[in-house]
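Have the coordinates open and try each task before you read on.

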Amino acid sequence: MSSLKKLIGRTVEFHGWLVSASRRISKNTKFMQLRQPGGELIQLIDKRPPEQRAGDAKTNCSPTGNLPAESVVRVRGLVCKRPLKDQRPGQECEVEVQDIELLNAADSPLPFNPLQPPSNILTCLRHRHLYLRSPLMQKNLRLRSELSYQIHSFFHEHEFCEVETPLLFKSTPEGAREFLVPSRHDPGCFYALTQSPQQIKQTLMASGFHRYYQFARCFRDEDLRADRQIEFTQIDMEMAFVYNREQVMSVVEALIRFLWKRVLGLELKSFPRLTYKEALARYGTDKPDLRHDTSFKCLNEILQLNLQNDVLIEAFLVKQGGHHLSESFCKTLKHNSKQKLNYIHVKNENIMHSWSQQLPETKLMPHETTRLNEFLGLEVGDIIFVSSRPSHSPFAMTALGEVYPLVHKALTEMKVAPKLNEHEFAFTWIVDFPLVTPDASNPNAWKATHHPFTAPHPEDIHLLQNNPLDARALSYDLVVNGIELGGGSIRIHDYQQQYEILRDVLKLTDTEIRSFEHLFTILRSGCPPHGGFALGYDRLVALMAGCRDIRDVIAFPKTASGKDLLFQSPGPVSSSQLTEYKLQLQPSNAV
C-alpha cells in the first residue's frame, strides 16, 4: 500500500484477483478488494451508478456487478487517500473505480479461500494452485527467490564457477535407494537420477575448475518426513587444493553469516565445534539442539566398567520429575524406545538406596549406590532414565537422545520448564564422525557413515585394516536447533586409497567396485586434494522463514507417500510405452 501514496491523484490501471465478495454500503457505493500479483491488497471503492456499470462494455459483468471471489480482473481507477477515520497502517489509500474488465471468472464456490487456507495438508496439496496464492506461500517463495539471488552473489564474489551437472547418471552403490530411468536405446539398461552430484563435482576438481557451485536437484527414493522430499534442492559446492576441513568450513560459515545478516538483519555468533562422540554423550544425537541444557552422564567410571567392553551406560536425571511425569508417560517412553531404556521413580529413601540394584544396566556392576547418587545429584522425587548402548552403534541417536525432547516438551506444556527460544539460531559444527558404522541390517558388516569417497583422518589410517570402526573421517556436518542443515568432507583424491577402502574396508564385491571404474580413471589422471559441502536449500529456506515443514517453502511438493495430488503423479503408462522400453509389469501379487 505504501507504493500507492506516490500515485495519489492519478488514474492508474491495476490487475489481479478479487479476494472476497463485494460489500455494498449504499445504492451507489460498494467496497471490494483486489489482490495484485505479489499478494498486495488494494481497497476498491465503486461509486458508479448501476446504469453506468451495466452500460460499460468493458466490464463483462452482470448489471449487479457481483463477481465470484478469485475472479481475475483489470481495474482502472483514481488513487485517493482514505478518510482519516478509515486509515490503518499500510491501508492509507484506496482506488475509486472508473471501470472493471472481467478477464476470467472463477468457479463458485472454490474449494477454499486462499486468504484462509485449510489446515488439512492434503487439501492444500490437492489444490496447490490456490494454496500458492496464500500470503504464507507468497512470502515464503519470494524469500526463497531472494535467498537464491544472495547465494549466487556470494559465490560470485568468492570466485566460484557455477556448473550444471547431469541429472541422468549411472547406478552406483552409494547408499540411498535410487530412481531408475529405462533407456529406450539400450534395452535392459537404466539411468539413475542423481542422489547428489558427488562423483561429478569431484570430476570437476580434476578438470581445472578449482571452485564449483550449483543449485543441484537431487533424487532419493526414501520414506518422507517433515524435512525430507524424494526430490529436493541442495546448494552444492566443491573446492580443490584444500588441505584441511577448516578451509571448506570457513567458506560455509561465511555464507551462513552473510545470509543471516543480509536477509534477516541478524549477526550470528561464532559456531562452536563438537566431535561426534561429544554430541552423542552430551545430547544423545549427532544433530544436537544447543538450546537444550542437557545433563546426560556416563556411569562407566562409577560402575568400574572398562570401555573395552564396548558398552556405554548413561543416565538422564529429571529433577523432581515424579511430581510432573506420570507412570504411564514414563512406561510409554520405555516401550516406544528402539534401544535399551529403563527408568526409576525415586519415591522414597528405600528406593534411593536400592534403585541401582533393580536395573539390569547396573545391578551386576561393582559399585556403591551412595557414590552413584552423589555423582548424579539424586534426591527423593527425582526420575532417572538409564540406558546402555554399544560405543560403536548403527544409530546416530541414543535412547536418552530420543527421550529428552519428549520429556522437555511434556514439562514445558505443564509450564514447569522454559520453552526454547524460537528466535535463537544455535549453530554448531559436528566433526570427527566415524569413517564407517555398523550396518543395522547386518551386525557383522559396516557401511560408510557419510559416503564411500570420504577421506579418513590421517591420524587413523593405521586403523583401517584391523579396527576400521575406530577410524575417524574428515567429515563435518552443520547443525542448527537440532536440524542437520548440511554436510561435507575432505574427499579421497588418491586412487589406491579409494580402491582399498572400497575393497578392504567396505567389502564391496568386484562387480560393485567395477561400477566406480570411471572414478578410478579420474583419480589417476592427476586429481588435486579437494573437499566440499552441500547445504539443504529447502531446509535452509524453511529455517529462515520460520516453517516447520519444508513443504511450506516448496512450490509443488509431494505427499508422505511420494504422490503429487495436483498433477496426479506418478501415474500409469500405456502398454505401447512399456513395449517401446522393452519392459513388462509383474502382477502386484507376484512374489
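**Exercise 1.** Find which residues are linked with Asp 432 in a network of salt bridges.

*Solution.* Start with the criterion: a side-chain nitrogen of Lys or Arg within 4 Å of a carboxyl oxygen of Asp or Glu. The network links Asp 432 with Arg 245, Glu 459, Asp 460 and Arg 472. The structure as a whole holds 31 salt bridges.

A word on the ground rules: this is a predicted model, where local features need pLDDT of at least 70, side-chain atom pairs count only at pLDDT 80 or more, and totals for chains, interfaces and linings use all residues. Numbering runs from 1 along each chain as its sequence is written, and side-chain values use heavy atoms, leaving out hydrogens and water.

**Exercise 2.** Work out what the salt bridge between Arg 491 and Glu 238 ties together.

*Solution.* First, the distance: the closest N and O atoms are 2.8 Å apart. Next, the location: Arg 491 sits in the loop between β22 (483-490) and α12 (495-505), and Glu 238 in strand β12 (residues 231-240), so the pair ties together parts 253 residues apart in sequence. (Helices, H or I, at least four residues, and strands, E, at least two, are DSSP runs numbered from the N terminus.)

**Exercise 3.** Decide whether Arg 548 and Glu 422 are buried or exposed.

*Solution.* Cut-offs first: buried is under 20% relative accessible area, exposed over 50%, partly exposed in between (1.4 Å probe, protein chains only). Arg 548 has 74% relative accessibility, so it counts as exposed. Glu 422, at 60%, counts as exposed too. These two form a salt bridge, with their closest N and O atoms 3.7 Å apart.
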